[in-house]
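Reader: Could you take me through a few local features of this model, one at a time? I will follow up as we go.

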Amino acid sequence: MHYPLVSVVISTYNRLEFLKQAVASVAAQDFKIWELLIVDDASEDETWTWLTTLNKPNIRIFKQPENYERSAARNRGLKEARGEFIMFLDDDDLLRQNALDNLVKPLVKNKNLVASVGARWKFKAGDYALKIEHPLIYVEKLIWSELLAGWSSISGQNLYRTKIIRDVGGYRPDLIICEDRQLWLKVAKLGKVAVIPDIVLDYRVHGRQWRPKNIEELREKVFQEFIDSLPATEQPKGNRIRESARLSQSAENEYRKGNYRTAWQSYLKASNVAPELAFSPLTGPPLIRSLAKSILRPLLPK
């Protein structure tokens, strides 16, 4: 039996029209050695009926007996996956046609890489579309510091080694918010990641998305749990990075209020607390640009 090289897992719940587009984006890939595993998390619409019409050898469908939320649904896909590499694509997002091809190449070339990540395009139908900031050059590096500082890539941008995801235990079933970030941190701690400049994902913004009011508190909890998991010698670095991130957030808030002096002072403190973030190709450019903007803004005409 010939196994696919890449397993794409989509967990879905009551978003059939978006799901159809996500599935079509996988089917249109230039890279052909893939399988698609779709896990219906007990949808109440016509999702399962439609899925049963997908009579394709490289598409497998699974149905959860009840709505366990997406972490459990993704773990079901992880259990069934046969590919050496795995991606967890949200049911409302779209892969670019060359996404898998671009993400697979670094992992095949360098066996020591734990994952690869591309850029994303963010859009809201009929409203706006823009590229989310991302390095313009290819780089291989440890990225847990940047992830801990708040740099993010959502699941459909990332291609992981399947074995590594299984080794770290997959998604935490009790996490339905920040679960991607928690998994990313566990993986990124294990080795270098290929950061590629190519856009691989169209990230959709729409009215059916939900975030709890205490999202920042939940993120901080995930960050602190990760810091606590670090060796004792690296925990001070983790705490420095979070302090730098909080200073940058405070600076951004002050800038929005028009307190430019306070803003650039906070950005400068953030850079001094964790200088590695200022020199990183992921977090450095936006940090330095924000610092410069805060310094120069008072000199510009109102």
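**A walk through the model**

Author: Glu-146 has its place in helix α5 (residues 144-149), where helices (H or I, at least four residues) and strands (E, at least two) are DSSP runs, numbered from the N terminus. This is a predicted model, in which local features need pLDDT of at least 70 and side-chain atom pairs count only at pLDDT 80 or more, while totals for chains, interfaces and linings use all residues. Residues are numbered from 1 along each chain as its sequence is written, and side-chain values use heavy atoms, with hydrogens and water left out.

Reader: Is Glu-146 buried or exposed?

Author: Glu-146 is buried, with a relative accessible area of 3%; buried means under 20% relative accessible area, exposed over 50%, and partly exposed in between (1.4 Å probe, protein chains only).

Reader: And what does the side chain of Glu-146 make a polar contact with?

Author: With the side chain of Ser-280, at 2.6 Å. A polar contact is a pair of N or O atoms within 3.5 Å; within protein, one must be able to donate a hydrogen and the other to accept it, and residues adjacent in sequence count only if both atoms are side-chain atoms. Leaving aside neighbours within four places in sequence, Glu-146 is in contact (heavy atoms within 4.5 Å) with Lys-141, Trp-151, Leu-277, Ser-280, Leu-282 and Thr-283.

Reader: Moving on to helix α12, which of its residues are buried?

Author: The buried residues of α12 are Gly-284, Leu-287, Ser-290, Leu-291 and Ser-294. Seen down the axis of α12, they fall within an arc of 140 degrees, so they line one face of the helix; the arc is that of the directions from the helix axis to the C-beta atoms.

Reader: What covers them?

Author: The cover over the buried residues of α12 includes α9 (235-256), α10 (260-273) and α11 (275-278).

Reader: New topic: how many aromatic pairs are there?

Author: Rings of Phe, Tyr and Trp (its six-membered ring) pair if their centres lie within 6.5 Å, with planes under 30 degrees apart counted as stacked, over 60 as edge-to-face and the rest as tilted. By this rule the count comes to four aromatic pairs. Among them is the edge-to-face pair of Phe-88 and Tyr-171, with 5.0 Å centre to centre and 85 degrees between the planes.

Reader: Where in the chain are Phe-88 and Tyr-171?

Author: The pair links distant parts of the chain, 83 residues apart, with Phe-88 in strand β4 (residues 85-88) and Tyr-171 in the loop between α6 (162-167) and α7 (179-188). Phe-88 is buried, and Tyr-171 is buried too.

Reader: Which charged ends sit over the rings of Tyr-203 and Tyr-255?

Author: The charged end of Arg-120 sits over the ring of Tyr-203, 5.9 Å from its centre, and that of Lys-293 sits over the ring of Tyr-255, 4.7 Å from its centre. A charge sits over a ring if NZ of Lys or CZ of Arg is within 6 Å of the ring centre and within 35 degrees of the ring normal.

Reader: What about the phi of Ala-42 and of Glu-69?

Author: Ala-42, in the loop between β2 (34-40) and α2 (47-51), has a positive phi near 60 degrees in a residue other than glycine, and at 17% relative accessibility Ala-42 counts as buried. Glu-69, which is not a glycine either, has a positive phi of about 80 degrees; Glu-69 is in the loop between β3 (59-63) and α3 (70-80) and, at 33% relative accessibility, counts as partly exposed.
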